[in-house]
Amino acid sequence: MTRRRIHPNGDSAADRLALQIAQTFGAGTGRALSRRTVLRGAGVSALALSSTGWLTACGTEGTVQTKDECKSTDKSDTEKTLNWSNWPLYIDEKGKKYPTLEDFQKQTGIKVTYTTDVNDNNEFFAKVRNQLGACDSTGRDIFVLTDWMAARVISLGWTQELDHANMPNVDANLVESLSNPAWDEGRKHSVPWQSGLTGIAYNAKYTGEVTSFEELLTRPDLKGKISLLSEMGDTMGFMLKLTGADPAKFSEDEWQAALDKMQQVVDSGQVRQFTGNDYTRPLNKGDIVACEAWSGDVIAMQYDNPDIKFVLPEEGTSLWSDNMMVPNKSEHKTNAEKLMNYYYDPEVAARLAAWVNYICPVQGAEEAMASIDESLVGNPLIFPTSEDLATTFAFANVDTKTREEYDKAFNAIIGA
């Protein structure tokens, strides 16, 4: 297998993408740090995993709803309001204001209450499961969740079907690679907000480049000095890759083989700890020298420490998206659809991308970026080509009960 390395003058798509991530991004520009220093796994090692146990005890299968049984009334014609729950640091900010959101309110007359109360997928699920399971209002008109959790709430019937007639920009400009996920065919219930990558980070002050997941898990000089993510789908996706399976579609035998591999890794003493995004501090200090990491964390770390590098593992790179959805009993679905449509205007999407620095899901935004920040045009971290994403993968879409079984088996191995 050919090793994938970051070459300053590399010609391959992988080289360009990895180099862009590995360089200090935006240092000295005064650009605010973007989202995932409180990333999707924020506090996951303590909170999300304990939530998993709590959810299992309470039965996360939940009450499945149907649109005939759980009807929602849209009052958007008379109530120009919208309540939106999102992750922290995930929208353009200027002082205490959100410029693109302010412009939306001026254009539409819709007053948006924007709340950053999605700090972890499992934690947020625990907040809303009782209301949604009982067909009660959560007080939210939009919330943003990562693919696997979005799949869960959609499969439970807890989201309203979107009217694409109200979202012509989405239909025209959503990138093809995100247009038809297996868990929401035709994007009937969700619209991508932003996307990102899971790969390997290392501290060049303390170790040489780590080029593959296999190397991360077996290199003798890294023993006891690495961390893996406690997010089951991320880590087990790589384990499935290492055992020759497709993370997006695998058998029970293949799942068991990946679990056995995970157990061997734990027993070997190679892994110092399993973490959420709290690997950032020990990686900076050199307490761990390499780890499984989220691209946004690495970019944020590089503002202060250029020794932190990001690698696209030779096995491939996990690609994820966070998705906007309208929950049942929201009374402002049309208002929500207008907001989704607004953020799929390429000029608006470019303004947002220039601040958050994540993979932009909107076609045409790259061209619009030329008048906002020309240095970002052609940036494969924000505007990757199909070639850039050719080796990416995602964890399988499974039902709630199966996901819980997978979480339980994984957590038992990692000691959560």
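**Notes on the pocket and a cavity at the domain boundary**

1. I'd start with the second largest cavity: its lining takes at least three residues from each of domain 1 (81-195 + 322-372) and domain 2 (198-319 + 396-414), with bounds from an automatic or database domain assignment. Bear in mind that this is a predicted model, where local features need pLDDT of at least 70, side-chain atom pairs count only at pLDDT 80 or more, and totals for chains, interfaces and linings use all residues. Residues are numbered from 1 along each chain as its sequence is written, and side-chain values use heavy atoms, with hydrogens and water left out.

2. That cavity has a volume of about 60 Å³. (On a 1 Å grid over the protein atoms alone, a cavity is a set of points where a 1.4 Å probe fits but cannot get out; a pocket is an open set with protein on both sides within 12 Å along at least five of seven lines; lining residues have an atom within 4 Å of a point.) Volume here is the space filled by probe spheres set on the points.

3. Among the residues lining the second largest cavity are Trp 148, Arg 152, Val 398 and Arg 403.

4. Arg 403 sits in helix α15 (residues 400-414). It counts as buried because its relative accessibility is 6%, the cut-off being under 20% with a 1.4 Å probe, protein chains only. Leaving aside residues up to four places away in sequence, Arg 403 touches Trp 148, Arg 152, Met 232, Gly 233, Phe 395 and Val 398 (heavy atoms within 4.5 Å).

5. Now the largest pocket: about 640 Å³ in volume, with 29 lining residues, and Phe 395 is one of those nearest its centre.

Definitions and conventions
Helix = DSSP H or I, 4+ residues; strand = E, 2+ residues; numbered from the N terminus. Buried < 20%, exposed > 50% of the residue type's maximum accessible area, 1.4 Å probe, protein only.
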